[in-house]
Amino acid sequence: MKTLYLDCSMGAAGDMLTAALLELLPDPDLFIEKLNALGIPGVMFVRERTEKCGIVGTHVSVRVHGAEEGDEPHGHSHEHAHEHGHEHSHAHEHEHGHVRHHSGLSEIEHIVTGHLSLPESVAADVMKVYAVIADAESRVHGKPVSEVHFHEVGAMDAIADITAVCLLMKELAPDEVVVSPVHVGSGQVQCAHGILPVPAPATALILQGVPIYGGEIRSELCTPTGAALLKHFAARFGAMPAMTVEKIGYGMGKKDFPAANCVRAMLGESADQTETAVELSCNVDDMTAEELGFAMERLFEGGAKEVYTVPIGMKKSRPGTLLRVICGQQEEGDMVRLLYKHTSTIGVRAALTQRFVLERKSETVTTPYGDVRLKTSVGYGVTRQKVEYDDLARIAKENDLSLAEARKQIEAQV
């Protein structure tokens, strides 16, 4: 499968991820032209070749109204966050004699969906990343998400970085994104309202459930924007999988450290897919079928890979139900909380398990009955295709066919 591995041993920021992914393209300059044609208010992308510790890579600077901002949004009370390797700073209240204003999430969405020529899926990705940042900021500052505001220039800088990464991900179209444990740095960082520990509170919240570590470098290496992008796109975090690497990109930060200040991106083909999953189990004997069904729905919505029940015998000869959830390691905490919230269990068991899974992809195909989604699974020497059930059911109802007849008709077309 087509795999993208991101080495974040020196953290991550929006500009570094943009630069690293840009180097994987056959014509980076053409993509920069596309970015500059998007019409992000006052924004210009500039690609520069740079060197860190003898390694040549790319730095992408975002210039807002002709000046490089150097900061990413970090929420309401911080005004905006630092760019990679730079300290938080209080936003200037005036520029060119004009008072700057702040933008909330709704204003950001208006720019992204109303003014930029983005594919619908990319615009959705941008807003999901922004929602991760806004949620973390609201929790840090004890304010509703609707009251989280981003400084005007910082917001434009972040819109640029987030949009660029989302577009690059669509352009590269990896089947799986794997991210290394994230180096967050150490020490403290100066912000508008005081000195904060590294990682900054919002970054720490975003990276909950993600393997992170500090070290001797006393600087904030992972920004909130970088953390949110990693959290959104990563299928999993861990060691580099066995893969045949075809392209390598280096996205450079600004600051110099003893170690090369970069994100390294590797794109290539990995072997048949295996993954480590968490198996959570609990026994219940006092829940109705409706309550169990509702709990299973909530668990699937929360990110579970599999949820199923098995009838069991329990103490006092009572028939009961074994409820089992399979999830990723980073979702384990959320799944446990959902189990306690939506079931009557007083104990949850956990075990690590290995899954051998087929590579899966979905595409929309056009048929005489309308568009249908075709799911393809490949790996371990087999290839399987299946039409999405919801589409089959719709066609069967609309054409007064049995499900088997509808499947036969559609499979003849695809």
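These are my notes from looking through this predicted model.

**Thr 58**

I started at Thr 58, which sits in strand β3, residues 55-64. Buried or exposed? I got 0% relative accessibility for Thr 58, and the cut-off for buried is under 20%, so Thr 58 counts as buried. Its side chain makes a polar contact of 3.0 Å with the side chain of Arg 49. I also listed what Thr 58 touches, leaving out residues up to four places away in sequence: Ala 19, Glu 23, Arg 47, Glu 48, Arg 49, Thr 50, Tyr 250, Gly 251 and Met 252.

**Nonpolar cores**

Next I checked the cores. The largest one has 69 residues, and Leu 6, Leu 21 and Phe 45 have the most contacts inside it. Which helix gives this core its largest share? I found that helix α5 (residues 152-172) does, with 13 residues. I then followed Leu 21: beyond four places in sequence, Leu 21 touches Leu 4, Leu 6, Val 165, Leu 168, Met 169, Leu 172 and Ala 265. Another core, of 13 residues, lies apart from the largest one; Leu 280, Met 296, Val 307 and Leu 339 are among its members.

**Helix α4**

Last, I did a length check on helix α4, residues 120-141. At 1.5 Å a residue, its 22 residues should span 32 Å, and the end C-alpha atoms are 31 Å apart, so the two agree. I noted buried residues in α4 too, including Val 122, Val 126, Val 129, Ile 133 and the polar Asp 125, Glu 137 and Ser 138. Just after α4, I saw that Gly 142 takes a positive phi of about 65°.

Note on methods:
Residues are numbered from 1 along each chain as its sequence is written. This is a predicted model: local features need pLDDT of at least 70, side-chain atom pairs count only at pLDDT 80 or more; totals for chains, interfaces and linings use all residues. Side-chain values use heavy atoms; hydrogens and water are left out. Helices (H or I, at least four residues) and strands (E, at least two) are DSSP runs, numbered from the N terminus. Buried means under 20% relative accessible area, exposed over 50%, partly exposed in between (1.4 Å probe, protein chains only). A polar contact is a pair of N or O atoms within 3.5 Å; within protein, one must be able to donate a hydrogen and the other to accept it, and residues adjacent in sequence count only if both atoms are side-chain atoms. Contact means heavy atoms within 4.5 Å. A nonpolar core is a set of buried Ala, Val, Leu, Ile, Met, Phe, Trp, Tyr and Cys residues joined through side-chain atoms within 4.5 Å. The expected span of a helix is 1.5 Å times one less than its number of residues.
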